[in-house]
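Subject: Structure handover

Hi,

Here is the structure I promised to pass on to you. My notes on what turned up in it follow below.

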Number of protein chains: 4
Amino acid sequence: MPKKTTMEQKIDFSTFSPTDYRYVVAALSDYLSEEAFVHYKAEVEAAIARGFTNKGILHDNLCAEIEQSASKVRAAEVYDEEQRTKHDIRALVNVIKSRVSTDAKPFVHLCATSYDIVETANALRYKDAVNKVIIPDMIALERAWIDLTRREKDTLQMGRTHGQHAEPITFGFAIAQYVNRWGSQILKVRDASDKLRGQLSGAVGAYNATALVFNDPEEFERDVLTLLEMKPAAISTQIVPPEPMSDFIHSVITSFSILANFCDDMRHLQRTEIGEVMERVTEGQVGSSTMPHKRNPITFEGVKSLWKKFMPQIVTMHLDQISEHQRDLTNSASQRYIPELLMVFDHCVTRLTRSSERLVVNKTKMRANFASSEDTIIAEPLYILLSYYGHPDAHEYVRKKTFQAYNENKSLRELIEAEDDEEVLSYMKRFTQEQRAMTFDAEKYTGIAAEKAEKVADYWERVLNGL
Amino acid sequence: MPKKTTMEQKIDFSTFSPTDYRYVVAALSDYLSEEAFVHYKAEVEAAIARGFTNKGILHDNLCAEIEQSASKVRAAEVYDEEQRTKHDIRALVNVIKSRVSTDAKPFVHLCATSYDIVETANALRYKDAVNKVIIPDMIALERAWIDLTRREKDTLQMGRTHGQHAEPITFGFAIAQYVNRWGSQILKVRDASDKLRGQLSGAVGAYNATALVFNDPEEFERDVLTLLEMKPAAISTQIVPPEPMSDFIHSVITSFSILANFCDDMRHLQRTEIGEVMERVTEGQVGSSTMPHKRNPITFEGVKSLWKKFMPQIVTMHLDQISEHQRDLTNSASQRYIPELLMVFDHCVTRLTRSSERLVVNKTKMRANFASSEDTIIAEPLYILLSYYGHPDAHEYVRKKTFQAYNENKSLRELIEAEDDEEVLSYMKRFTQEQRAMTFDAEKYTGIAAEKAEKVADYWERVLNGL
Amino acid sequence: MPKKTTMEQKIDFSTFSPTDYRYVVAALSDYLSEEAFVHYKAEVEAAIARGFTNKGILHDNLCAEIEQSASKVRAAEVYDEEQRTKHDIRALVNVIKSRVSTDAKPFVHLCATSYDIVETANALRYKDAVNKVIIPDMIALERAWIDLTRREKDTLQMGRTHGQHAEPITFGFAIAQYVNRWGSQILKVRDASDKLRGQLSGAVGAYNATALVFNDPEEFERDVLTLLEMKPAAISTQIVPPEPMSDFIHSVITSFSILANFCDDMRHLQRTEIGEVMERVTEGQVGSSTMPHKRNPITFEGVKSLWKKFMPQIVTMHLDQISEHQRDLTNSASQRYIPELLMVFDHCVTRLTRSSERLVVNKTKMRANFASSEDTIIAEPLYILLSYYGHPDAHEYVRKKTFQAYNENKSLRELIEAEDDEEVLSYMKRFTQEQRAMTFDAEKYTGIAAEKAEKVADYWERVLNGL
Amino acid sequence: MPKKTTMEQKIDFSTFSPTDYRYVVAALSDYLSEEAFVHYKAEVEAAIARGFTNKGILHDNLCAEIEQSASKVRAAEVYDEEQRTKHDIRALVNVIKSRVSTDAKPFVHLCATSYDIVETANALRYKDAVNKVIIPDMIALERAWIDLTRREKDTLQMGRTHGQHAEPITFGFAIAQYVNRWGSQILKVRDASDKLRGQLSGAVGAYNATALVFNDPEEFERDVLTLLEMKPAAISTQIVPPEPMSDFIHSVITSFSILANFCDDMRHLQRTEIGEVMERVTEGQVGSSTMPHKRNPITFEGVKSLWKKFMPQIVTMHLDQISEHQRDLTNSASQRYIPELLMVFDHCVTRLTRSSERLVVNKTKMRANFASSEDTIIAEPLYILLSYYGHPDAHEYVRKKTFQAYNENKSLRELIEAEDDEEVLSYMKRFTQEQRAMTFDAEKYTGIAAEKAEKVADYWERVLNGL
């Protein structure tokens, strides 16, 4: 593999894509920049030459010439040559050939078609980007959430459905949902990138070219790809079957959607009236150009916004699943944008990791919000226990009491404690001590929230440790 | 499981959705109609009652009452009740309760929240729909394509890239691509539906309600779901984590996109000028209301069109991955449309099965199209073998010859056969007999198309037989 | 126009599409049901016959036969015939012909191609649906919002940006945004539906058929369409140019997005902690199957959810803008779903009208929320007036004070009132009485919110009255 | 307006977005690059200062200082400052302030909120980009198509529906469809960009800040925007109503879809078997890295591919129509990508202009394709004239003859010329000389294709000349 150095990040403001001037992840340059892509393609060309050498067809010295030339290729020279040839891979081939002896020249790109190189190089670099940067970054976020889950596993919070106070949970339990969902996605992204495939099957996938010189052209394909630690597609046209890429993109966008969900949760918990969490800001930071007192959830807003931009790219992927006959080229430009998606996704992952690690949790506000509803949420345990002990229509009974409480501006608890209906009282008498506590002390009505939070955190920590 | 009879299909033209008046698959009624949904929800309610009985809490007779009442529920009565309650699950509960004794009433829906029922019922019925109808239908299409692959594995066809004649393949090889892609999707759809999960974890997922009455509420959840042959989510809010559903929808839409690709391929092969395949039409069928001679690829057009309608629904799924806090309800109406997607997909699968089984392959036209380019496609083998035997710039040599041929209105073969350049001839002399044949007889330059087609067909037949 | 009676709504639970079993708008049956579509197509066929009669080619009696037969066509008989012909328009033609004399038969559908009928009928019925139902329903919502704007124009509310308290507005001012956005869309939807076009230009749009019998076939097209109060496209293929339909769909979906925005606003204002608005519920209504105390914003959630389902259909429309050559048929099935979009949109409009008319506004809570921040929002006016009177770095000064307030747990007002810095005091002395009031009494710092709300309400009322 | 020089295009291969390294349109740098954006924002800041001067509040000299400082702002310094403030507009303000005297400082950005600047600057620059580059480029393509329409107005071509030969047209007529569709979009894009609006209404849109110092803050807003030749929104929150932007994006994407349609048409007409058109290639150009004989429609493929990437961005726009309350920030990052869409669209327009101007039309192949079906397409005129002269079931008669022709491997013409059925002959005798010619000489059965093509070309030329 050609040696690559992390390119120094310098911003060029004559650029148009915000990805380049705002959301670059330097660590991904070695895999996802256009420069890196050229390197990867050259690496595939080198592997093909090595394949011929391993078959005893190309002298080792000549192969070494090709490998060395390939390792030196730079994007700029390939683009210059493309100006002349109007064909990117032929340009690459010409550049490699320009630095090798006459005897080596014929073996550059021999038997290969452009997309043998492109498909294989893409599979390789996406896999590398995933394994070397994206998965580690995803794991870092998972660890941040595991930590948060553990730290807040007993922190009482009001569970909310429909934006309404519902039943008690703990804040750690709420975060544990993300630990579970995100953990599953780490495995899926890794698995999906693993299933990307290369090829060396020629212009229409039938090994027409390699069958000219090998009895078993599939073996040659396998051997070359093995040099790259890659496997061939079961069958291909000019391109590999698009579904593994579709699955990979899906795994990334589905993960992205989880981030969007988390951001929405945090944004709303940071609302002035709710105030249960807050993005930590530094003293120098300006919240608003005109409202100096504002504390805005800008990371959560920014990630949600990038999701809105990139999520619809899944439609492009489905459009690109269609390629006429042995291939049309209408997926070429569109698939060039896959690295951008990966990079912006990773950018969001790392931003959220920082925010999650530094998240300010306002337990006082959490408890105050909880307290504001604790008298009404007894409705559920009450109705359930009344039913459990035989009340034939407990739900309706409680629902009416709730309306009564609302109309009389009393708490449900007050009404229930003042209940004198004999039938109801007869059921209530059967409540155990513990049941009575869980019913009338809302803080105790958290189910198994804390245990579950811990269990989920433990499970995923074990999984991560095993990766 | 409540007994269900396949509902007789009757078309109601006062309906608005073309799905209902044009694309209904009767076999899916038992799983995907609104009537079926109500049955499945009632089945989950019955399982909960049985769970209490298995715990020794509810008398077996009372449980049987609930089960019997649940098995009789009809959608119409639930909707009537919903008019009053404005809540669909409470309506269902009321209907079930209305037919049981006072002692059984409290145990209907006890400890459950609406979405315990809805999520579990949906997972159940989608799994059933997949296993009982969709997978068998997908397999039938796979078999049709395997047959076609085998029948046409040696049928010479010109491979096409960019819509241009490229290099030779066989028609069976072209179809084998679909065998491979579709086969993979059969496994993925099945796998994704298998991973759908149910829940019995209460209003905010913390088992608040069940923890009132059970020491190990997760065990109770597991037991009830086991009665339904379903597993619980690792952790849930009011709803199960949305990613398994996202993966399932993705597997279906990705499969749908393969159908769209196949349709485009066939549509273009049926173009008047190409004429290599044709949808079989019956004598009575009208091709055009005003052009009686037309033979239109209406199935291929129809399926492509339905894909254009339903593919973007993947965006809805990603939007639905976001649910605030322990759940907001903005995924309720949208997720109601999942059955429609499944049904239209299945409709397309079966339509294409019929069309594939009856596909008219015009071998004469295939061969004529092939012949029109056979003299030019020698360019590739020639360039490769020249390189292989040491020509340092064979690609450029052949490219120029091709332009010369074009300009002089000759075939490339003519020019090459008349070649008198000593250097070129010296390389050509080294071609083996077989290589010469593959170069100058385009019919022989099909690589391993036929073998690969057969190999793929064999592989997937074995897989299907093992399902 | 054929007499149509509003079809009685009866729900068939064997259907699959929730549109049919949950979201039907009965008033749209006459335009958007499949039955209605058949009527409209028959109406176009009748107009063509009348066109021949007006040209003196077809005897008035024979034309009357055709018109009468057309007016009696029912969808069921057309579908029966389609079973035989496999072609929907030829089926319609056969049905019309079956009821006229031999001399009239040849003039049914004469010179027309299927899509002359389909395109024209769709343009007609969508225009009718818009003018007769959708625009009136949109106006009703606009009036509800105008009323709300007026009623609440002086109701003090804290303006929110980033979910954070920002600067004061009035609730009427917030609603006036919707009055303005929605009002603009009413005009756009009407305008876009007006620009839908019909055609009578034949199988490939070149008037091949009509040029056989008319010297000026464009005149014949114009005349027939005029009978239907419709205009022809400037030029067409087998279909009209798709952009007017794309613009129409865009106008509807863009309007739908406004509803989604309104729903999100209301959902969040209804959050337990905020509690500024509430969907009115009736006593019988169940908020949750297990939490009787819940008051859920179900209309706002439901509409948002339907938007999530239908918004992505804009992608389908863009896909349908592509039709190969003089037309391929891959837009046929997909465009059949346009009526569904229109109907669900209208369903949402009317649901939100009811909710808006009955919206509970909790002024007490609004004021309490306001009060909780009134001491900090003086930051903005203070900074602006300090700048205005010459402080060179007022923003920074105020920002630091805000942090100080936060750290010392004081209100910004307290700190400012205790300010003893001479420079700052020198600027503050220059504030006018009114400016001082606006700065230190947050209730007065509402800018022109109330006047603007009224102005917008007045403007749109005048526009509506002029429609 | 700050002087801007077209930035020299230099490619930086460490970038990630293909937009930056492959699809840059240099002419758009002055409007759409990040550098340009900073200039435009500075220009708005300068206009605000001028507004204060025009009101007699700010001395002209101080205003000139601000204007001069604003005109010198460079993106790099703003980004440096943003590193410190974490707020892009406050960074810009600080940079402008850093170069003016203490007395001028307070008037920089006075009374404005960030999005007053951002929204106004975006509206301005998009309008400029449209008027100065995009519309001229769209017009150039329209003129290329008008020329093509005129040149080919009489070129006989077989019209195609369903990919099948249908009825005759001319190639100019086919292109005239695009002249009409594209011409309409030029007007719509211009109109939509004209309707973009600016604002100076403050943090929540209620003019809270400007009302501190002006009696009529709307007048101040109008005056400042007039300096920029821009109009204010009727009412705004912290942002302008999003629908005008949605309409603008829609107009661009709808136009893009027309390009995609054109590309598909050309791609298919360039298929080897059809061969009616061809992208002109230069001698140096490589068609395929391994198949030197290929002539690929790479421009048509490339544009279609970019459309697949950018079309789904319409979904982002609809998502961005939703902003909670007086604004959340989740549309900030996403809207930053609008310039990229505009630039890639313009890139495609200019590429297609070149391809259209240089399109190779193979009239010989067109005629040969035509000839292959001319004997069967008499079906339509025959059926119509038979009907016209009274045959009661002409469509069915012709349909059966067509099947007979197919089965007997004869041409329809042969069968009809040999017809001896008295009834049929009696109708045929009534055909006029001209009708007979149009029926039996397919070349004459082009309807009014040529006239219509010319008419459309003339109409749009007049429109363009009037722009």
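A definition to begin with: helix axes here are lines fitted to C-alpha atoms over the stretch in contact, and angles run from 0 to 180 degrees between N-to-C directions. Helices themselves (H or I, at least four residues) are DSSP runs, numbered from the N terminus, as are strands (E, at least two).

Please keep in mind that this is a predicted model, in which local features need pLDDT of at least 70 and side-chain atom pairs count only at pLDDT 80 or more, while totals for chains, interfaces and linings use all residues. Residues are numbered from 1 along each chain as its sequence is written, and chains are lettered from A and ligands numbered from 1 in the order in which they are written.

**Helix pairs**

In chain C, helix 3 (residues 34–54) packs against helix 4 (residues 60–71) at an angle of about 175°, and their axes are 8 Å apart. That makes the two helices of chain C roughly antiparallel; the cut-offs are under 35 degrees for roughly parallel, over 145 for roughly antiparallel, 65 to 115 for roughly perpendicular, and oblique for the rest. On the helix 3 side of chain C, the contact is made by Ala42(C), Glu43(C), Glu45(C), Ala46(C), Ala49(C), Arg50(C) and Thr53(C). Helix 4 of chain C answers with Asp60(C), Cys63(C), Ile66(C), Glu67(C), Ala70(C) and Ser71(C). Contact means that the C-beta atoms of two residues, placed from the backbone, lie within 7 Å. By class, this contact in chain C has six nonpolar, two polar and five charged residues. For the classes, Ala, Val, Leu, Ile, Met, Phe, Trp, Tyr, Cys and Pro count as nonpolar, Asp, Glu, Lys and Arg as charged, and the others, Gly among them, as polar.

For helix 3 (residues 34–54) and helix 4 (residues 60–71) of chain B, the angle is about 175° and the axes are 8 Å apart. These helices of chain B are therefore roughly antiparallel to each other. Residues making the contact include Ala46(B) and Ala49(B) of helix 3 of chain B, and Cys63(B) and Ile66(B) of helix 4 of chain B. Its make-up in chain B is six nonpolar, two polar and five charged residues.

**How the chains meet**

Copies are superposed by least squares on the C-alpha atoms of residues with pLDDT of at least 70 in both.

Between chain B and chain A, 83 residues of chain B are in contact with 83 residues of chain A. Helix 11 (residues 243–269) of chain B supplies the largest share of the chain B side, 12 residues. Chain B can be laid on chain A by a turn of 180° and a shift of 0.0 Å along the axis, with an RMSD of 0.0 Å. That is the relation of a two-fold axis.

**Domains of chain A**

The domain assignment of chain A, which is automatic or from a database, gives domain 1 (33–107), domain 2 (125–368) and domain 3 (378–444). Over C-alpha atoms, the centres of domain 1 and domain 2 of chain A are separated by 34 Å. Nine residues of domain 1 of chain A are in contact with six residues of domain 2 of chain A.

**Buried and exposed spots**

Helix 6 (residues 88–98) of chain B is mostly covered, with 10 of its 11 residues buried. A residue is buried if 20 or more other C-beta atoms lie within 10 Å of its own, exposed if 12 or fewer, and partly exposed in between, with C-beta atoms placed from the backbone. What covers the buried residues of helix 6 of chain B includes helix 3, helix 4, helix 5 (75–85) and helix 7 (114–151) of chain B.

Thr19(B) lies in helix 1 (residues 18–22) of chain B and counts as buried, with 29 C-beta neighbours inside 10 Å. Beyond residues up to four places away in sequence, Thr19(B) touches Glu340(B), Met343(B), Val344(B), Phe16(C) and Ser17(C). Gly466(A), in helix 22 (residues 449–466) of chain A, counts as exposed with 6 C-beta neighbours inside 10 Å.

Best wishes
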